[in-house]
Number of protein chains: 2
Amino acid sequence: MTSNTVTAFAPASVGNVAVGFDILGHALSVIGDHVTATRSATTGVRIIEITGELPREPALNTAGRAVQSLLAGRTLAWGVELAIRKGIPLGSGLGGSAASAVAAVVAANELLDEPLPRSALLTHAIEGEAVASGSRHADNVAASLFGGLVLTIGEDPPRCMLIPVPSSIRCVLVHPRLFISTREARGMLRDVVALDDLVRQSANLAGFLAGCYTNNVELIRGCLEDLVIEPQRARLIPGFAAVKRAAIAAKALGCSISGAGPSVFAWCDGQDAEAARVAMSAVFRTQGLECDSWIAPIGGNGAMITERR
Amino acid sequence: MTSNTVTAFAPASVGNVAVGFDILGHALSVIGDHVTATRSATTGVRIIEITGELPREPALNTAGRAVQSLLAGRTLAWGVELAIRKGIPLGSGLGGSAASAVAAVVAANELLDEPLPRSALLTHAIEGEAVASGSRHADNVAASLFGGLVLTIGEDPPRCMLIPVPSSIRCVLVHPRLFISTREARGMLRDVVALDDLVRQSANLAGFLAGCYTNNVELIRGCLEDLVIEPQRARLIPGFAAVKRAAIAAKALGCSISGAGPSVFAWCDGQDAEAARVAMSAVFRTQGLECDSWIAPIGGNGAMITERR
């Protein structure tokens with residue numbers, strides 16, 4: 001017995017995680033987007049409700065495009081109507097376009113007579129997210145879909161590995177109320193990297209992963225540093241350097257830009273998180289920027305069904 | 001009671017291991033160098049015996065320079081004489097200069113009234129190895145000193161992490177009798193890398209490490225590939241592309257250049273190793289190149305004392 005209306009929640013996510021540009025992401029389960037998918041008499045995909053200034057044309061909307069991809073090649077006597085409720089601020093660097101795509105495919109999948117397994121949804125969510133980001137990287141999509149800290153390797157579709165994270169670690173996320181376009185933030189990156197920087201960044205990535213696998217918080221502290229992308233994007237975020245200094249002074253393990261920004265994240269060991277959150281937010285306010293902020297564990301679920309009718 | 005004469009063995013090593021340029025290395029315990037250190041009445045370091053065309057001036061010899069570094073700042077009434085027996089072919093890409101430096105400091109350390117712990121020897125061995133390579137990377141030195149697969153992070157001194165490797169994996173090492181200078185092989189590298197290549201190489205590095213930590217041989221197979229350095233150095237090795245194809249056809253998990261080459265290594269799962277060794281060697285012979293070849297587990301000891309008198 002299939003459902004006629006299904007609602008799914010997909011969490012926000014922190015892309016790149018300082019050391020894994022385009023390959024690492026982790027879910028931030030305290031905020032996310034909800035998408036309700038309903039079987040309709042008309043075939044095809046329609047967007048009937050959406051919060052925020054987002055395209056309503058399905059092919060141009062990450063949720064709509066993702067569901068079009070899911071349904072492609074199927075001969076169905078019915079269509080799908082999507083209602084999208086954004087919980088993630090637009091252009092915040094929190095993987096909002098990925099979360100909408102993920103919630104939409106997770107919900108619409110349940111309308112099928114034979115729903116696909118979760119892992120088979122990844123490629124459709126990536127297809128949707130590419131509408132917004134202009135590239136097929138899967139770091140936000142995979143984290144939102146599966147939860148936790150996820151490594152994505154390759155494309156079409158990528159392999160995904162869940163990386164264990166020491167359970168005491170918390171993510172502090174501070175979102176200054178600015179808008180940054182992912183597409184523009186990608187466009188400003190130099191297309192080459194110094195070989196020396198590749199070596200140092202590779203060492204940070206490898207040490208970070210070794211720290212995660214061996215539950216070595218101090219090794220993570222020594223390695224959670226982006227030498228390649230952050231220096232190029234930091235100037236988009238007023239006060240970034242001071243926010244980062246404040247986080248480190250408050251004992252954060254590391255602090256960098258979430259995805260394309262302007263949100264800034266810090267990983268902290270247990271009780272250190274609240275002090276970092278307060279200190280980081282205070283610096284943004286000295287720049288005249290209001291902030292939202294959250295503290296969340298790195299584990300946690302990925303997307304989930306929240307209602308069926 | 002300290003010894004007057006100590007001999008140490010230090011194994012050869014595979015530097016870079018395809019995915020970790022300058023940061024990963026693993027010991028190859030089946031071959032290596034022996035260094036005998038003897039207390040002499042004359043202060044300072046002297047090289048009294050050496051095999052092969054290597055500098056006898058201590059400051060220009062990796063073993064001599066490493067022991068000079070070890071002794072620096074100590075006021076000793078005696079000196080150290082070194083006898084160096086090379087088991088590792090010169091310019092083979094098997095970490096010979098590192099092994100001599102490591103064996104020398106491990107042996108000379110035992111002559112001290114209060115020998116240093118093994119980890120404190122790393123910085124002196126690096127100091128010695130830099131004489132030959134012209135750079136202070138520690139991938140070969142750390143693998144030779146500690147054994148196994150070692151990740152080195154940072155400098156002066158680097159942090160070293162021992163990475164677990166699935167126990168079924170064997171390294172096939174084929175050494176064609178050619179000479180390549182590490183210094184020249186470094187000099188030919190472009191000093192920038194495309195950002196896209198950094199992303200794909202980072203994914204390979206991360207997937208390789210995840211495979212090692214989770215005992216996932218097939219993940220290692222999918223990731224043990226060098227997209228950055230190997231394409232630039234392959235032309236130094238006649239027949240390299242065909243050797244690599246032969247290894248992969250013989251079910252190797254991956255195949256690349258050991259350090260700066262010309263030695264080529266392949267990782268294989270258990271019994272596949274012998275077929276890969278035969279196939280790779282056969283291709284080099286079609287190029288008119290005689291080969292030495294070995295099969296060894298990745299684990300195994302690092303440097304060790306073999307004799308005391």
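Predicted model: local features only at pLDDT ≥ 70, side-chain atom pairs only at ≥ 80, totals over all residues.
In which handedness of crossing does helix H3(B) pass helix H4(B)? Residues are numbered from 1 along each chain as its sequence is written, chains are lettered from A and ligands numbered from 1 in the order in which they are written, and side-chain values use heavy atoms, with hydrogens and water left out.

To the question, then. H3(B) passes H4(B) in a right-handed crossing (the near helix is turned clockwise from the far one by less than a right angle). The contact (heavy atoms within 4.5 Å) is made by Leu122(B), Ala125(B), Ile126(B) and Glu129(B) of H3(B) together with Val141(B), Ala142(B), Leu145(B) and Phe146(B) of H4(B). By class, this contact of H3(B) with H4(B) has 7 nonpolar, no polar and 1 charged residues. Here Ala, Val, Leu, Ile, Met, Phe, Trp, Tyr, Cys and Pro count as nonpolar, Asp, Glu, Lys and Arg as charged, and the others, Gly among them, as polar.

Let us compare a second pair in chain B. Helix H9 (residues 240-249) and helix H10 (residues 272-286) of chain B pack at an angle of about 160°, and their axes are 8 Å apart. H9(B) and H10(B) are therefore roughly antiparallel to each other (angles over 145 degrees count as such). This contact is made by Ala242(B), Val243(B), Ala246(B) and Ala247(B) of H9(B) and by Ala279(B), Met280(B), Val283(B) and Phe284(B) of H10(B). The residues of the contact of H9(B) with H10(B) divide into 8 nonpolar, no polar and no charged.

We turn to chain A. Of the 8 residues of helix H4 (residues 139-146) of chain A, 7 are buried (under 20% relative accessible area, with a 1.4 Å probe and protein chains only). Among the buried residues of H4(A) are Asp139(A), Val141(A) and Leu145(A). The elements that the buried residues of H4(A) pack against include helix H2 (96-109) and strand E5 (149-153) of chain A. Just after H4(A), Gly147(A) takes a positive phi of about 80°.

Notes:
Buried < 20%, exposed > 50% of the residue type's maximum accessible area, 1.4 Å probe, protein only. Helix = DSSP H or I, 4+ residues; strand = E, 2+ residues; numbered from the N terminus. Axes fitted to C-alpha atoms, helices over the stretch in contact; angles between N-to-C directions. Parallel < 35°, antiparallel > 145°, perpendicular 65-115°, else oblique.
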